[in-house]
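Subject: Structure handover

Dear colleague,

Here is the structure I said I would pass on. Please look it over before you read the notes under it.

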Amino acid sequence: MKIAVLGAGVIGVSSAWYLRATGHEVVVVERGPGPALETSFANGGQISASYAMPWANPHAPLQVLKWLGREDAPLLFRLRADPAQWRWGARFLIECLPARTRLNIAAILRLALYSRNQLQALRAATGIEYDHRTAGILHFYTEHAQLDVARADAVLLAEFGSDRVPKTPQEIIAIEPALAPLQARIVGGDYTPADESGDALLFSQRLAALCTACGVRFLYGRTIERFVAGAATIDGVHVRHADGRKETLHADAYVVALGSYSPLLLKQLGMRPLIYPVKGYSITIPITNSAAAPRVSLTDDAYKIVFSRLGQRLRVAGTAEFDGYNTALNEVRCKALLKRSAELFPDAGDFTRVERWTGLRPATPSNVPYVCATRYRNLFLNTGHGTLGWTMACGSGRLLADLVTEEKPDIDPSAYAITR
C-alpha cells in the first residue's frame with residue numbers, strides 16, 4: 001500500500017520507519033521545514049519506561065489544588081472558556097480513581113517497556129547515534145512524604161514489570177556523584193538501570209535520514225487542512241504549501257500523528273479523541289565542567305524536573321501548563337528551571353548561554369495514547385502520548401505498523417483504541 005503519515009515528529013518518523021520495514025510505500029507530510037521541530041524538539045530526553053506513572057492518580061486532585069495560583073507550579077491549570085478543556089478535566093478526575101489508575105498503569109507500562117526494547121533493537125540494527133546514554137534513570141526525593149508515596153507506587157508498578165530499585169542517600173551519591181552537595185537533604189530515591197536518555201530531535205533527524213535512504217518520501221512545508229472523506233474511507237487529504245498553493249494528496253491509508261493538533265483535524269470527521277495540549281518547558285545548558293555535571297539522567301521529585309545529559313549539553317525540562325494552544329514562552333517558568341539547575345549543579349555549565357524552549361504535548365486524561373484503527377477502514381491514529389512520546393515512540397510505531405498490515409501485534413492493542 002501507499003501510506004501517508006501526517007506529522008514528522010518522533011512519533012510520525014518512527015511510524016514511517018516501521019511501516020516502510022513492512023514493505024509499504026510511505027510518504028510523510030509535515031508543515032515544518034524538517035522533522036521534529038515542534039513537540040519533539042527539546043524535550044526532557046528520558047526514555048523513562050519504568051517511571052510511567054500516570055498524572056491521573058489518587059494523589060493528583062489534592063496536589064493540583066495546592067498548586068493553584070502559583071505561576072511556577074509544576075502543573076498549572078489556566079481555566080478557559082473552552083469546552084474541550086472542561087471535558088478533558090472531567091475525564092481526568094475519573095481517571096484518578098484507584099481502579100482506573102491501575103488499568104492505566106498496566107497499559108502505559110506495557111507499551112513503554114515494549115518501546116524501550118524496540119528502540120534497543122533498532123539501535124543494534126542500524127547503529128543510530130543520538131547522544132544517548134544507557135546509564136539508567138535516578139529519581140531522588142528530598143521529603144519523606146514524597147518518598148513514602150513513591151515506595152507505594154513502586155510496589156504497584158512492579159506488578160506490571162517496572163524495575164525500580166530503592167536506593168539510600170549514600171547509594172544515590174555513588175550512582176551520581178554530582179549530587180554530593182545535596183546529600184544531607186536527600187532522604188532516598190530509586191533507580192531504574194535499564195532506562196535510558198537521548199536527544200529526541202537528533203534521533204528523529206537521523207531516523208528520517210535512514211527512512212529516506214530506504215525510500216520514504218518526506219514532504220515538508222505542507223500544512224494539512226482537511227480530509228476528503230467518503231462514507232467508510234478517507235479518499236484524500238487537502239494540504240497547503242508554504243507559498244499558498246493547494247494540493248490534494250492521495251494514499252491507500254492515512255496515519256494521524258499530529259500530536260496536539262490531531263483532534264483539530266479529526267473533529268472534521270466527527271471524531272473526538274480526548275487530547276488536550278499541555279505546554280512543557282525546557283532549558284539547555286552548555287556543559288563547561290564535565291565532572292560537575294550529572295552523568296545519569298535524573299528526576300527531581302520535589303520540583304517535577306528532569307535532567308538529561310546530551311553530549312556536552314544539560315537538558316532540564318519540566319512543568320505542565322494547561323493554556324490551550326498558546327505557545328508563548330513564560331519566563332517565570334523558565335527561570336524556575338534555571339534556578340533549580342543552578343542550585344544543584346552551579347559549576348556544571350555556562351548559565352549565561354542557556355537556550356529556552358516550550359512546546360505543546362498531546363495529553364490524554366489517562367496518559368494512555370491512541371494507537372489504533374478508526375471507523376474509517378483506512379485511517380489510523382498514533383497520537384496522544386503526552387510527556388511519553390519519546391519513551392513510547394518506537395513501540396507505538398511498531399504497533400501501528402502491525403495494525404495497518406493486520407499482523408498480530410506483540411502486545412495487546414485494545415487499551416490504545418479510540419471509542420469515539
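The notes below go from the whole chain to single elements and then to single residues.

Please keep in mind throughout that this is a predicted model.

Overall

The protein chain contains 10 helices and 20 strands. Its radius of gyration is 21 Å, close to the 22 Å that the globule rule gives for 420 residues, so the chain is as compact as a globular protein of that length. Along the principal axes, the C-alpha atoms fill a box of roughly 65 × 45 × 40 Å. Of the 420 residues, 59% count as buried. The accessible surface of the chain is about 16700 Å², and carbon and sulfur atoms account for 54% of that area.

Strand E1 and its partners

E1 pairs with strand E2 (residues 25–29) in the parallel sense, over 5 bridges. Within this pairing, Lys-2 has Glu-25 of E2 as its bridge partner. E1 also runs parallel to strand E13 (residues 253–256), to which 4 bridges join it. There, Leu-6 stands opposite Val-256. With helix H1 (residues 10–21) between them in the listing, E1 and E2 make up a β-α-β unit, and the unit is right-handed.

Helix H2

Which residues of helix H2 (residues 60–67) are buried? They include Ala-60, Val-64 and Trp-67. These cover an arc of only 60° around the axis, which puts them on the same side of H2. The general rule behind such a pattern is that an α-helix has 3.6 residues a turn, so residues three or four places apart point the same way. The other side of H2 carries Leu-62, Leu-65 and Lys-66, which are exposed. What the buried residues of H2 pack against is strand E4 (75–77) and helix H3 (83–95).

Two residues with positive phi

Asp-131 is not a glycine, yet its phi is positive, at about 55°. Asp-131 sits in the loop between helix H4 (98–126) and strand E5 (137–141). Its relative accessible area is 30%, which makes Asp-131 partly exposed, since that class lies between the 20% and 50% limits.

Asn-367 is a residue other than glycine that also has a positive phi, near 70°. The loop that holds Asn-367 lies between strand E18 (355–363) and strand E19 (370–373). Is Asn-367 buried or exposed? At 8% relative accessibility, Asn-367 counts as buried, because the limit for that class is under 20%.

The contacts given here leave out residues up to four places away in sequence.

Ser-204 belongs to helix H7 (residues 200–213). With 0% relative accessibility, Ser-204 counts as buried. The residues that Ser-204 touches are Gly-9, Val-10, Val-13, Pro-35 and Ala-36. One of these, Val-10, falls within the range of H1 (residues 10–21).

Pro-277 is part of strand E14 (residues 276–286). Pro-277 is buried, and its relative accessible area is 0%. Neighbours within four places in sequence aside, Pro-277 is in contact with Ser-260, Glu-321, Gly-324, Tyr-325, Leu-360 and Arg-361. Between Pro-277 and Leu-344 there are 30 Å in space, C-alpha to C-alpha, and 67 residues in sequence.

Ser-308 is placed in strand E16 (residues 305–310). Ser-308 has a relative accessible area of 0% and is buried. Which residues does Ser-308 touch, not counting those up to four places away in sequence? They are Gly-44, Gly-45, Gln-46, Ser-197, Ser-297, Arg-313, Leu-314 and Arg-315. Ser-308 and Ala-229 are 79 residues apart along the chain, and their C-alpha atoms are separated by 43 Å.

That is the end of the notes.

Best regards

Note on methods. Residues numbered from 1 in each chain as written. Predicted model: local features only at pLDDT ≥ 70, side-chain atom pairs only at ≥ 80, totals over all residues. Heavy atoms only, no water. Pairing = 2+ DSSP bridges. Right-handed = clockwise from strand over helix to strand, strands pointing away. Buried < 20%, exposed > 50% of the residue type's maximum accessible area, 1.4 Å probe, protein only. Arc of directions from axis to C-beta. Contact = heavy atoms within 4.5 Å. Rg over C-alpha atoms; globule rule 2.2 N^0.38 Å. Areas by Shrake-Rupley, 256 points an atom, 1.4 Å probe, with all protein chains shown as cover.
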